[in-house]
Amino acid sequence: MESASIAVGSAHAHEHHGPPEAHSSSKIDRQTLGILLFIVSEAMLFGAFFASYFFLREVSNPTDVWPPDGFELPKAIAGVNTAILISSSFTIHWALEGARKGNREAMKMGLAMTWLLGATFLFIQINEYVHLGFSARDGAFGSIFYGLTGLHGAHVFVGLLLLSFANIRAWRGHFGTKAEDHLGVEVPGIYWHFVDVMWIIVYVTVYIL
Amino acid sequence: MVAALKNPGMPRAGLGFLIGGLFGFGLVVALRAVSGLEIFQTEATGYPHVIVPGITAPIGFLIGLGCFDYWFRWASGAPTIPDDHSQHGAYSWKDYFKFNTDHKVIGIQYVVTTFCFFMIGGLLAMLMRAELAQPGTQIVDPGVFNSLFSTHAAIMIFLFIVPVFAGLANYVLPLMIGAPDMAFPRLNALSFWMLPMAGVLFMASFLAPGGAFDAGWTGYAPLSTGAPLGQSFFNLGVQFAGASSVATALNFLVTIVTMRAPGMNFWRMPLLVWANLSTSLLVVGATPFIAGAQFMVLMDRAIGTNFFQAAAGGDVISYQHIFWFYSHPAVYIMMLPGFGIVSEVISTHARKTIFGYRLMAIALLGIVILAFAVWAHHMFVSGMFAWLRVPMMITTLLIAVPTGIKIFSWLGTLFDSKLHIESTSMLFALGFLVTFVIGGISGVMLGMIPLDIHVSDTYFVVAHIHFVLFGGSVFTIFCGFYHWFPKMTGRMYDERLGRIHFWMTLVGMLGTFIPMHWIGMEGMPRRVADYAAQFGNWNLVITIFSFILGVAQLIFVYNMVVSWRFGPKAGDNPWRAKTIEWLVSSPPPVFNFDEIPRVVGGPYEFGVPGARHAIMHDGDGATVSGPEPAVAGAASGGGGGEGGGS
């Protein structure tokens, strides 16, 4: 059970202390491919809700004005919120560049700022929910509005959780400059970009179109 | 006692289950108190104080079992402990009840667990058949009957057929591609342990007021949105089973792409690996849709949203579109891994290379693409857009092309070969060809709109689905069980009992499901406990054959259990197969390989002089072609055939 002896053991597979090193048959590393595939399945989950959205809009209520009368969406505030979330894509990129070049301060600042921007977005979104004046029970529009934005909010929350882990580990001195040593920044970063892009689609579909 | 509750394991998992449940319950009570609502909701379908613990208790179980220990440590920024492999491999039966990262242990956990669900689902089916033996209601009342067919289908689909293939592939796929384990071993273990949680939720619905969920496995809205509490357990169970399925698929894809042995390019992969690659693409792309559909139903039920409430502007048909956008690809999720198994078995026992290997792989990918374009053929009578009917009919009929390619490739492989049917697995593979072709042809019939309208919601549909899911998937599952049983256990099963099992299963299956075509054509509706007296005789016949089918599975269980314990030693390669899993010991070593093998040729080059698939140890190449054949008969197979792979 001593960690030191295990480290030696894995280097000499014939001692049967650990498995042989797997042959790497692709240039892409496992975690990155894993998160990309996960994002595909997440996109399909959004697809289910978008399918519902367009059904409710185009099939069930084709002639009505959309959003139906009495539903007013704060396009401007949500637009500012969109800008906040988009800017966090740049800060996470800054953090990743910092990690690549060994600039730990840039990495830490970038991660912290991304987290704060994401939390601000979530806070404004919740504030919007409180002041919207309709709930998920109010008609099909209320349901799908809260369904889509709520699903996205849940993804922001998960993204923030992943970023929290990255922040904690960055402040505690983890992550190196080698590609495999800062996957803990890169993988949540990829997910965060996905969350941002998905918000742009949700915003354009629900608020603008 | 305290130590048992502190360390990961079953006692802590039980505690976690309790704490998780209480936490969820407390959360609902607290939130409702804070927001000034009545503490206990009294509406018929809501029950948040049951639904929320239904989510948190299983999560508590998983945390208690130790699924998240490593990740918690990682997330808190603590230095990671070098893996001491203490959670890898099984050294006693107790290790199968733990969080274990060894793909071989997980594979067996999957197979055994899902087979238990198969037995439960089978018992539910036999209860139904007992009720249907005579017209009128004798054993169960119509409400219970609704619960029976719903839980039967949900358990068989979500807890048996889909995951059992994941289990079989879990065991053999990393070995086949020369990987020491799956890409994400901890995620792999988590995927498995979500499955019993889904089972617990499905079973718990029997205890719910109003009975188990009874809206069918399809759970169509608005039937499901207005159903009693049991339906919520279905909604939640599907989430756990679906998450398990997606995580496993992702794991397979990453493993296949990044961890193949040197020399194992895509055109040297065994067809089982190709099949699981295709299946995993389908799972990653489609399964989130059922998660979405069930989320919406759950929200309609629990918090009063209006996704499917027509009166409030909701759209009922949209449920069917979203549901079938998963559930049609799902039938290929339930079939493609079986294609892979059958390809392995037929090639090995015909002693011939697969006829048209590359076309077999391309046909799999063709099915993956077409699978996403046929969903609405389940909805010809639903009142959906009329313009969508004919395109869906055409794509549905098109899908017979890649499937037909596969059938003819298997026939081409068998053609002019010297069959070795010394193994029950080969019997099941040949039986599969017969029954699956029948199921496939009735599928083409159902794809045609006029016939579909005529037989909609009749026993013809029941007959079709069972010919493809029982005659197709379950036959290939048995085929795989028998084929890899010696590899998994190191022992040989009793061939005579295997043969009895096969013939009873085949006869029982044909006797049960063939007459259903006829009574379906005459209009006997499915999903109803009672029926017109004119169908009485056929139903009695069906019930008798279905009981033969049920008894046959007991023989299988006896054979597997006794052979696992007392069977004769199997040897490393009893079928003289070429793929890598047969080139290691039976059962394989804990870490699969001492060194990663080197792949030097195609996987099915039987009868080609000097052909090798893989070299296990560099340096001693002469001794690697496998041990002496344990089964009599020289490798004489046809040397020719269509060498598509090379």
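This is a short tour of a predicted model, one selection at a time.

**Stop 1: confidence in chain A**

Start by colouring chain A by pLDDT. The average for chain A is 88, and 92% of its residues score at least 70. Now select residues 1-16 of chain A, where the pLDDT is below 50. Apart from near neighbours in sequence, this stretch has 12 contacts in the model.

**Stop 2: two helices within chain B**

Two packed helices are described by the angle between their axes and the distance between the axes. Select residues 103-132 of chain B, which form helix H5, together with residues 185-204 of chain B, which form helix H7. Their axes come within 10 Å and cross at roughly 15°. Angles under 35 degrees count as roughly parallel, so H5(B) is roughly parallel to H7(B). The crossing is left-handed.

Which residues of H5(B) and H7(B) meet? Show side chains to find out: on H5(B), look for residues including Ile106(B), Tyr110(B), Phe117(B) and Ile120(B). Among their counterparts on H7(B) are Phe192(B), Trp193(B), Leu195(B) and Met203(B). By class, this contact has 11 nonpolar, 7 polar and no charged residues.

**Stop 3: a glycine in a loop**

Next, pick Gly178(B), in the loop between helix H6 (142-176) and H7 of chain B. Is Gly178(B) buried or exposed? Its relative accessible area is 0%, so Gly178(B) is buried. Setting aside neighbours within four places in sequence, you will find Gly178(B) in contact with Met259(B), Ala261(B), Ile580(B), Phe593(B), Ile596(B) and Pro597(B). Try the distance tool on one of these: the C-alpha atoms of Gly178(B) and Ile580(B) are separated by 6.9 Å, although the two residues are 402 residues apart along the chain.

**Stop 4: where chain A meets chain B**

From H2(A), the contact is made by Arg30(A), Leu33(A), Gly34(A), Leu37(A), Phe38(A) and Ser41(A). H8(B) brings Val246(B), Leu250(B), Leu253(B), Val254(B), Val257(B) and Thr258(B). Sorted by class, there are 8 nonpolar, 3 polar and 1 charged residues in this contact.

**Stop 5: a threonine in a helix**

Move to Thr395(B), in helix H13 (residues 389-398) of chain B. With a relative accessible area of 15%, Thr395(B) is buried. Not counting residues up to four places away in sequence, Thr395(B) touches Ala373(B) and Val374(B).

**Stop 6: some backbone exceptions**

Most residues other than glycine have a negative phi, and most peptide bonds are trans. Keep that in mind for the last selections.

- The peptide bond from Ala221(B) to Pro222(B) is cis, with omega near 5°; Pro222(B) lies in the loop between H7 and H8 of chain B.
- Another cis bond runs from Ser586(B) to Pro587(B), with omega near -15°. Look for Pro587(B) in the loop between helix H19 (536-566) and strand E1 (598-599) of chain B.
- Asp416(B) has a positive phi, near 65°. Asp416(B) sits in the loop between helix H14 (400-414) and helix H15 (424-447) of chain B and, at 67% relative accessibility, counts as exposed.
- Asp457(B) also has a positive phi, near 55°. The loop between helix H16 (449-455) and helix H17 (459-489) of chain B holds Asp457(B), which is partly exposed at a relative accessible area of 43%.

Key:
Residues are numbered from 1 along each chain as its sequence is written. Chains are lettered from A and ligands numbered from 1 in the order in which they are written. This is a predicted model: local features need pLDDT of at least 70, side-chain atom pairs count only at pLDDT 80 or more; totals for chains, interfaces and linings use all residues. Side-chain values use heavy atoms; hydrogens and water are left out. pLDDT is the predictor's confidence in each residue, from 0 to 100. Contact means heavy atoms within 4.5 Å. Axes are lines fitted to C-alpha atoms, for helices over the stretch in contact, and angles run from 0 to 180 degrees between N-to-C directions. Helices (H or I, at least four residues) and strands (E, at least two) are DSSP runs, numbered from the N terminus. Angles under 35 degrees count as roughly parallel, over 145 as roughly antiparallel, 65 to 115 as roughly perpendicular and the rest as oblique. A crossing is left-handed if the near helix is turned anticlockwise from the far one by less than a right angle, and right-handed if clockwise. Ala, Val, Leu, Ile, Met, Phe, Trp, Tyr, Cys and Pro count as nonpolar, Asp, Glu, Lys and Arg as charged, and the others, Gly among them, as polar. Buried means under 20% relative accessible area, exposed over 50%, partly exposed in between (1.4 Å probe, protein chains only).
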